[in-house]
Amino acid sequence: MDKENIRIVFMGTSEISSYVLEKLISNKFNIVGVVSQPDKEVGRKKIITPTPCKLIANKYGIPCFQPIRIKKEFEFIKDLNCDIIVTFAYGQIIPQELLDMPSIGSINLHGSILPKYRGAAPVQWALINGEIKTGVTLMEMTYKMDAGRMYAKKYVDISVEDNATTLFEKIKKCASDVILEYLPLYADGKLKGEEQDEAKVSFARMIKSEDEKLSLDYNSSTFVNWIRGLSDVPGGYLLLDNQKLIIYKAKISDQNFSGKIGEIVNADKNSLTIALKDGCVDILELKLQGKNRCDYKSFVNGHKNLKGKILS
RNA sequence: CGCGGAGUAGAGCAGUCUGGUAGCUCGUCGGGCCCAUAACCCGGAGGUCGGUGGUUCAAAUCCGCCCUCCGCAA
């Protein structure tokens, strides 16, 4: 089947979904409709901000639907007479009746190599758990989250320099490669797929606001991995003199100062180092509540008497 | 008008309460020392103190309004 003749509905919300959406459009796939989360109030000023996917839909004149509850509000998709629904980071559970609507089927791009890391935050959890590779899985959508047959997988390497921002960049490029390559094959029924091994399933739950408070009980590598998984947004933090100190970038220290857990054991032009139970961590980029993000040298420069303070 | 913090040299900060010549550290530039250096020493450049109106002999500082950034709440 020529891809121009396949009627596709794309469901997505975030920036990474919008990247994939635009790739599909520029590669001549026939997107007949976009479904995205409702526009939300953003920031202190509560400015109503359109989702990135909506912006792409508008740019290309594709109708965009933003139901508050897709579970109850999806009849409009019938009128689109679509053949395939493609979802990527949409953000709502899609009812079975809607999944069954397209003539060919409904598929999802997921930011991990399934069956590992089913759920809302696979990219973050891969970093937090210190994985050295992850990837994208193209799969059948079922009502049970991320549990359907797997049609294609593509791996990406995770470097020690990666954080959530950079890994999302890799994942979105990988996801667009996967969908551009496999969508035509799927449409022609050439992908037989593979069941997920339920014994190997793991979950990547949503990151909660409590998770942003870094724990001093972590060992140094876990501590650094949490920072990688939380950066650049929302960022993990500790408290310094009861003020939020967001840490964007850190690494396991080469040096081994002795000190109490959470103590700033060095603060000079060479490093800003805190002690943990199994070693030390150098803080590289940070932001104090009310201030701007800066590197550790600038921070140390303007804040005297840091050494010996205890972070909590 | 949701609550709070902040805006001073390229960067991070002090000075504001108590008005009186613009300050610290880092960076940068020049010089010196050294086998050498991101180390050390000497010197220089760089700021209409977020904007605007007011009070005053005099405003970074006190008062009014506005803009921007950040944390919280949503």
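Predicted model: local features only at pLDDT ≥ 70, side-chain atom pairs only at ≥ 80, totals over all residues.
**Conventions.** I number residues from 1 along each chain as its sequence is written, with chains lettered from A and ligands numbered from 1 in the order written. Local features need pLDDT of at least 70, side-chain atom pairs count only at pLDDT 80 or more, totals for chains, interfaces and linings use all residues, and side-chain values use heavy atoms, without hydrogens and water.

**RNA strand B.** I looked up the residues near the strand (a heavy atom within 4 Å of it). There are 15, and Arg44, Lys244, Asn292, Ser298 and Asn301 are the closest.

I then checked polar contacts (N or O atoms within 3.5 Å). A polar side-chain atom of Asn301 is 2.6 Å from a sugar or linking oxygen. A side-chain N or O atom of Lys287 is 3.0 Å from a sugar or linking oxygen. Gly290 places a polar backbone atom 3.0 Å from a base nitrogen.

**Second largest pocket.** I take a pocket as an open set of points on a 1 Å grid over the protein atoms alone, where a 1.4 Å probe fits, with protein on both sides within 12 Å along at least five of seven lines; lining residues have an atom within 4 Å of a point. I found 23 lining residues, with Val160, Glu161, Val224, Arg228 and Ala250 nearest the centre. Domain 1 (3-200) and domain 2 (209-302) each contribute at least three residues to the lining.

How values were computed. Polar contact = N/O pair within 3.5 Å; in protein donor to acceptor, adjacent residues only side chain to side chain. Domains from an automatic or database assignment.
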